Amino acid sequence: MSILAPWWTPDAVRSLLDDLVAAELTRLRPGLPPGQRPGPDREPAPDLDDLGLDSLERLDRATTVAVQFYLGETGLDRALLAQPRLADWSAIILESRRR
């Protein structure tokens, strides 16, 4: 019997985070032209400000990420709103997984 390695490597978490944020943004802004949509053919956004999110959209993204990764169980859900960079969100997710 082999033991599976954990999937939550920094690259895997960042990839999932980018896809999750992109999917949610596309859901909220379905009329975006293809060149402005986040997605696999585009570079990951270095921070949320680059996505042009307003405060409610940022709160919605943070809530979605907190629920997806169960951050409320470790109390790190509140830390997302204090960080504008998705790289920091990835670090918060990884820290939550270590707890």
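View 1. The expected span here is 1.5 Å times one less than the number of residues in the helix. Helices are DSSP runs (H or I, at least four residues), strands likewise (E, at least two), and both are numbered from the N terminus. Everything shown is a predicted model, in which local features need pLDDT of at least 70 and side-chain atom pairs count only at pLDDT 80 or more, while totals for chains, interfaces and linings use all residues. Residues are numbered from 1 along each chain as its sequence is written, and side-chain values use heavy atoms, with hydrogens and water left out. Buried in α3 are Leu86, Trp89, Ser90, Ile92, Ile93, Leu94 and Ser96; buried means under 20% relative accessible area, exposed over 50%, and partly exposed in between (1.4 Å probe, protein chains only). The cover over these α3 residues includes α1 and α2, where contact means heavy atoms within 4.5 Å.

**View 2. The whole chain, for orientation.** The chain has 99 residues, and 32% of them count as buried. Take the contacts with a separation of 6 or more: 62% of them join residues 24 or more positions apart.

**View 3. Where α1 packs on α2.** Two packed helices are described by the angle between their axes and the distance between the axes. Here α1 (residues 10–28) and α2 (residues 55–68) pack at about 135°, their axes 10 Å apart. That makes α1 oblique to α2. Axes are lines fitted to C-alpha atoms, for helices over the stretch in contact, with angles from 0 to 180 degrees between N-to-C directions. Under 35 degrees counts as roughly parallel, over 145 as roughly antiparallel, 65 to 115 as roughly perpendicular, and the rest as oblique. The α1/α2 crossing is right-handed; a crossing gets that label if the near helix is turned clockwise from the far one by less than a right angle, and left-handed if anticlockwise. On the α1 side you'll find Leu17, Leu20, Val21, Glu24, Arg27 and Leu28, meeting Glu57, Asp60, Arg61, Thr64, Val65 and Gln68 of α2. Sort the residues of this contact by class and you get 5 nonpolar, 2 polar and 5 charged. (Ala, Val, Leu, Ile, Met, Phe, Trp, Tyr, Cys and Pro count as nonpolar, Asp, Glu, Lys and Arg as charged, and the others, Gly among them, as polar.)

**View 4. Where α1 packs on α3.** The axes of α1 and α3 come within 9 Å and cross at roughly 120°. The two helices are therefore oblique to each other, and α1 passes α3 in a right-handed crossing. Pro10, Val13, Arg14, Leu17, Asp18 and Val21 from α1 meet Leu86, Ala87, Trp89, Ser90, Ile93 and Leu94 from α3. By class, that contact holds 9 nonpolar, 1 polar and 2 charged residues.

**View 5. Zooming in on Val13.** Val13 belongs to helix α1 and is buried, with a relative accessible area of 0%. Leaving out residues up to four places away in sequence, Val13 touches Trp7, Trp8, Ser90, Ile93 and Leu94. Ala87 is 74 residues from Val13 along the chain, yet their C-alpha atoms are separated by 9.8 Å.

**View 6. Leu48, in a loop.** Leu48 lies between α1 and α2 in the loop, and at 0% relative accessibility it counts as buried. Its contacts, neighbours within four places in sequence aside, are Leu53, Arg58, Gln83, Pro84, Leu86 and Trp89. From Leu48 to Arg61 is 13 residues in sequence and 9.4 Å in space, C-alpha to C-alpha.

**View 7. Tyr70, in another loop.** Tyr70 sits in the loop between α2 and α3. Tyr70 is exposed, with a relative accessible area of 55%. Check the backbone too: phi of Tyr70 is near 55°, a positive value in a residue other than glycine.

**View 8. Helix α2 and its buried residues.** The 14 residues of α2 should span 20 Å at 1.5 Å a residue, and the end C-alpha atoms, 20 Å apart, agree. Buried in α2 are Glu57, Arg58, Arg61, Ala62, Val65 and Ala66, with α1 and α3 included in what covers them.
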